[in-house]
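Hi,

Here is the structure I promised to pass on.

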Amino acid sequence: MTTIQNVLIMERPEPDAVELVQRPLPAMGREEARLRILTAGICGTDLHIAKWNSRAARAYSPPVALGHEFCADRLEGIVAAAAWARQG
């Protein structure tokens, strides 16, 4: 199994400080599931963070991972704790 993940992350509180970095996979909790991200979207919040405007500065403190809207396959773990989740 892979032990490294790619993360699109805002490392510093400044415009255009977004980088694709590799990080170790965290340990999975008892009520969590490991996912393989197939595709991810960029939303308005991600754009505010990438530009590091006043809205982002008020709401976030780097490091911040971007790309919270995604489609994925479940690799392992449970989905029962998340009533909205379904496999398919």
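A quick word on terms before the numbers: accessible areas here come from the Shrake-Rupley method with a 1.4 Å probe. On that basis the chain exposes about 6,600 Å², with carbon and sulfur atoms supplying 53% of it. Keep in mind that this is a predicted model.

On the overall layout, you'll find two helices and five strands, and reading from the N terminus they come in the order β-β-β-α-α-β-β. Of the 88 residues in the chain, 15% are buried. If you take contacts between residues at least 6 apart in sequence, 55% of them join residues at least 24 apart.

Next, the largest pocket. It holds about 900 Å³ of space and has 27 lining residues, with Q5, N6, L25, L35 and I37 lying nearest its centre. By type, the lining of this pocket splits into 19 nonpolar, five polar and three charged residues. Strands β1 (4–10), β3 and β5 (69–77) each give at least two residues to that lining.

One residue I'd point you to is R34, which sits in strand β3 (residues 33–41). Is R34 buried or exposed? Its relative accessibility is 16%, and the cut-off for buried is under 20%, so R34 counts as buried. The side chain of R34 also has a polar atom 3.4 Å from the backbone oxygen of P26.

Cheers

Methods
Residues are numbered from 1 along each chain as its sequence is written. This is a predicted model: local features need pLDDT of at least 70, side-chain atom pairs count only at pLDDT 80 or more; totals for chains, interfaces and linings use all residues. Side-chain values use heavy atoms; hydrogens and water are left out. Helices (H or I, at least four residues) and strands (E, at least two) are DSSP runs, numbered from the N terminus. Buried means under 20% relative accessible area, exposed over 50%, partly exposed in between (1.4 Å probe, protein chains only). A polar contact is a pair of N or O atoms within 3.5 Å; within protein, one must be able to donate a hydrogen and the other to accept it, and residues adjacent in sequence count only if both atoms are side-chain atoms. Contact means heavy atoms within 4.5 Å. On a 1 Å grid over the protein atoms alone, a cavity is a set of points where a 1.4 Å probe fits but cannot get out, and a pocket is an open set with protein on both sides within 12 Å along at least five of seven lines; lining residues have an atom within 4 Å of a point. Grid points are joined across faces, edges and corners, and a volume is the space filled by probe spheres set on the points. Ala, Val, Leu, Ile, Met, Phe, Trp, Tyr, Cys and Pro count as nonpolar, Asp, Glu, Lys and Arg as charged, and the others, Gly among them, as polar.
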